[in-house]
Amino acid sequence: MTEQFSIKKYLRDLPLPFCPGCGAMTVMSEFLRAVHELGHENLSKFVFCSGIGCSAWIPSPHFMADSVHTLHGRSIPAATGIKLMAPDVNVVIFGGDGDIVGIGMSHFIHAARRNLDILVIMVNNMIYGMTGGQVAPTTPLRSKTTTTPYGSFEHPLDAAALAATAGACYVARWTTAQPTELKESIKKALQMKGFRFIEAVSQCPTAFGRRAGFKDAGEMLKWFKANATPVEQAHKTSEEERAGKIVVGEFVQRKRPTLVETVYEMIAEAKKQNEED
Amino acid sequence: MKKKQDENTHFWQGNEACAEAAIAAGCRFLAGYPITPASEIAEILSKKLPKVGGIAIQMEDELASIGAVVGASWAGAKAMTATSGPGFSLMQETIGYAFMTETPCVIVDVQRLGPSTGQATKCGQGDVMQARWGTHGDYSAIVLSPNSVQEMFEMTIRAFNLAEKYRTPVILLADETTAHMRENATLPSLENLEIINRRKPKKGETAFFGLEEVPPMPSVGEGYNLAVTGSTHNEYGIRFTADPNVHRRLVERLNSKINNHANEISDVETRNIDDCQIGIVSFGCTSRAIYEAAENTEAKGFTVGYVRLKTLWPFPEKTVKRLAETAQKIIVPEMNLKQVFYEVQRVANGSTDVIPMNKIGGGELITPEELTEKILEVAKN
């Protein structure tokens, strides 16, 4: 590292939109810290895509970089077109749980299956925050939200397990109470190829915490710390014992031919056949 | 009798002509999802695009298809998708995004019979209004309407040219009949084709979303710190919703950059429009009946004029108005329930009687005989 980390270096001079205590700030700063520690003086090697939701605001328009702020749930399709036609850029997606595994779930699974060369950072605050606190596919069972006033009657989704099953090359989950681990995972993922998924379990004191019984952001971070269970340990416990816990750590690290590799191999083959014809 | 075919004449299917034209126009990316009667376009481009270094990819659905098209366009590629009514419905939100973000792209909608699943393999013309008003908000559309295999080729090229010139999504509104029939298409020599490419910014330029009627468009990865958003944004692409004037300025420009050039974009084929008793306004496969019907009825002593709409939107108002000022009556034959009829009636504004002629179901075309009969019936009343 040549100089000290300064977050401002990577940001446009615009007011940030996040509520006091929002975990998105942690994710933003840990991402930029990772970029800094990897030696990037600026974000010129990156293209950021996001959809709709609070965490879509992490890159757009705040990062001094190319950013494509798409429709709700459609960051991954846009990233597919970008990465295939501009394979040299590093495409990073920021999105919330509603954006990535609610409305955009199908694209998430298929991008992992195709092994599209992108890093998806999902800020999982367990709620639809921007719209005022409605139940999400990640909301814990029996949590009170504005659309589940008697408590959620649905089971939450394990997005990291889904990414692993669908074929991702790297899958990790941390909470915002573990910023260093989160940053190290981002660094590792940025240096890998293929579909990479990092879930950052994050606090939304405004739209989730206050209805779910947390006094403030600090209380939520304490809850994360108390319930974060390393994946190695979680494997040794029963499903009942894991209920309510947040399993953290690295779930998958593997190499598979990536979409960019297989597509450009196909192009080379087609061109060769064309010449032979 | 077998016609002698020179090198530039091809006996093509409509969808094939569309795919060939896309490559000639410089398209290098297609994302699509299988749907009858549009699938051939993706199938042919899946074979042909890689040979020229391009990519055709089958996505998980139409939402993803049009999303990937938008992404590819921002990566600098001319990009397209091809679908039919149900898929076209799914794409509407992103078509609005492409309009708002000034993303050039081409959407081919090979119309089939709706609503809903309707009749997947049968022809219809029911997407005229969806092509115009399908996305939410204040929007202006460019929609082209081919009626031959030749025009499937020519209009696909024009669709890319208009998309690049005006930085907006352009819809090629074909139909099952035009897309699936085979006939000769004679290509202009490829060297003489006019191909328009988006204007790129000069170094140091920063206003990619305003200040000019059609601003220059950089690609990602070129070092412009490009901010693209479907939210109301200022000239530099930064979301800005606090000042209503920013929204007015943006959305009025997005609409006027198309509507101020309606005369240039609008394209028609006409006959006798300044001197006829009976006028016909038609488009797409239905319009193939007008030539014979006009001849048939003229042989019986009636003068017939027509406007064939080669662009549906912007609606060729001036030409249709001229016809309305001359013709005693105008017939609007179409394979839907009055979608273009009301538009003709609006333009005629009471200056002449506008008479609908509609046929839906089973993909049955309006035949020259039926149209002849209708003209005679209308002329006699």
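So, how many bridges join strand β12 of chain B to strand β15 of chain B? Hold that thought while I do the housekeeping.

What you're looking at is a predicted model, where local features need pLDDT of at least 70, side-chain atom pairs count only at pLDDT 80 or more, and totals for chains, interfaces and linings use all residues. Residues are numbered from 1 along each chain as its sequence is written, and chains are lettered from A and ligands numbered from 1 in the order in which they are written.

Okay, back to β12(B). Three bridges join β12 (residues 278-282) to β15 (residues 329-334) in chain B, and these two strands run parallel. Strands here are DSSP runs of E, at least two residues, and helices are runs of H or I, at least four residues, numbered from the N terminus. Two strands pair if DSSP finds at least two bridges between them. Within this pair, B:Ile280 sits opposite B:Ile331.

Both strands belong to an open, five-stranded sheet in chain B, ordered β11-β13-β12-β15-β16, and the pairing is mixed. At the edges you find β11 (268-271) and β16 (353-358), each with a single partner strand, so one side of each has no neighbour in the sheet. From one strand to the next, the twist averages 15°.

Now for the helices on that sheet. Helix α10(B), residues 290-299, lies across β11, β12 and β13, at about 175° to β13(B). Helix α13(B), residues 368-380, lies across β12, β13, β15 and β16, at about 155° to β15(B). Those angles run from 0 to 180 degrees between N-to-C directions, with axes fitted to C-alpha atoms, for helices over the stretch in contact.

Over to where the chains meet. Contact means C-beta atoms, placed from the backbone, within 7 Å. Chain B puts in 38 residues and chain A 33. On the chain B side, α3(B) gives the most, with nine residues. That side divides into 22 nonpolar, eleven polar and five charged residues. For the classes, Ala, Val, Leu, Ile, Met, Phe, Trp, Tyr, Cys and Pro are nonpolar, Asp, Glu, Lys and Arg are charged, and the others, Gly among them, are polar.

There's strand pairing between the chains too: β2(A), residues 66-69, and β10(B) pair in the parallel sense over three bridges. There, A:Val68 stands opposite B:Val228.

Last stop, inside chain A. From α2(A), A:Ile76, A:Pro77 and A:Thr80 meet A:His107, A:Phe108 and A:Ala111 in α4(A).

Definitions and conventions. Two residues are in contact if their C-beta atoms, placed from the backbone, lie within 7 Å.
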